[in-house]
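Open the model in your viewer and keep the selection tool at hand. Each stop below says what to select and what is there.

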Amino acid sequence: MKLSFNIVSWLAGLLVLALIGITAAAVVARYVLGTPFQWVEEMSGFLMIWIVFLGAIGCEIEDSHLRIDVGTMLLPDSVNRWIEAGVGLVSVGLLGYMAWLGYQLADKAALKKTQILRISWFWIDIAVTVGAIALALVILVRVWRLLRADPSTGLIASDSSDKI
């Protein structure tokens, strides 16, 4: 999971750097040179969508999404494992549906181009599908590890096959 987190973090970081660079260049072009870039808003939106989904994937890999666990804190660990596995499986189902809807949206918008950059909306909308599938895979790995863990120790019997 560490390698996956690093890859996603680097990709998101590069996109954030691109967004900062584009925005800074746009400010200079508009207020110093007096010739604004017309394409900055489109590119910023495109980058933000991908940054959001890559960030969500990174948070899921690190298991750092916000959660309200007041109720489950009172329950025994064995019950919490089953609740977490159940919530994970429901989440995978919802993410699968989200990926399917995202793909339908991207497919229908494939011939439509953005006004200035002439980028196919497919590349913007497919971020939903890619993000949902990646999130679902990360959650499936977590559920698999939860169900394989020894209830008494919480440790997985063999760690060699768990490298992602």
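Helices here are DSSP runs (H or I, at least four residues; strands are E, at least two), numbered from the N terminus. The expected span of a helix is 1.5 Å times one less than its number of residues. This is a predicted model: local features need pLDDT of at least 70 and side-chain atom pairs pLDDT 80 or more, while totals for chains, interfaces and linings use all residues. Residues are numbered from 1 along each chain as its sequence is written, and side-chain values use heavy atoms, without hydrogens and water.

**Stop 1: α2**

Select α2, residues 40-61. Its 22 residues should span 32 Å at 1.5 Å a residue, and the end C-alpha atoms are 31 Å apart, which agrees. Now pick Ser44, which sits in this helix. Ser44 is buried, with a relative accessible area of 15%. (Buried is under 20% relative accessible area, exposed over 50%, partly exposed in between, with a 1.4 Å probe and protein chains only.) Leaving out residues up to four places away in sequence, Ser44 touches Leu19 and Thr23; contact means heavy atoms within 4.5 Å. Asp63 follows α2 and has a positive phi, near 55 degrees.

**Stop 2: α1**

Go to α1, residues 2-31. The 30 residues of α1 should span 44 Å at 1.5 Å a residue; its end C-alpha atoms are 43 Å apart, which agrees. Highlight its buried residues: Ser4, Val8, Ala12, Leu19, Ile22, Ala26 and Ala29. Their cover includes α2.

**Stop 3: the cores**

A nonpolar core is a set of buried Ala, Val, Leu, Ile, Met, Phe, Trp, Tyr and Cys residues joined through side-chain atoms within 4.5 Å. Which residues have the most contacts inside the largest one? Select Val8, Leu54, Ile57, Ile61, Leu95, Leu135 and Ile139, from a core of 18 residues. α1, α2, α4 and α5 each give two or more residues to this core. α5 gives the most, with seven. Another core lies apart from it, with 15 residues, including Phe46 and Trp50.

Return to Ile61. Beyond its neighbours within four places in sequence, Ile61 contacts Met1, Ser4, Phe5, Val8, Val138 and Arg142.

**Stop 4: the largest pocket**

A pocket is an open set of points on a 1 Å grid over the protein atoms alone, where a 1.4 Å probe fits, with protein on both sides within 12 Å along at least five of seven lines; lining residues have an atom within 4 Å of a point. Select Asp63, Arg67, Glu84, Val87 and Gly88, which lie nearest the centre of the largest pocket among its 19 lining residues. α4 (77-108) is one of the helices that supply at least two lining residues. α4 gives the most, with six.
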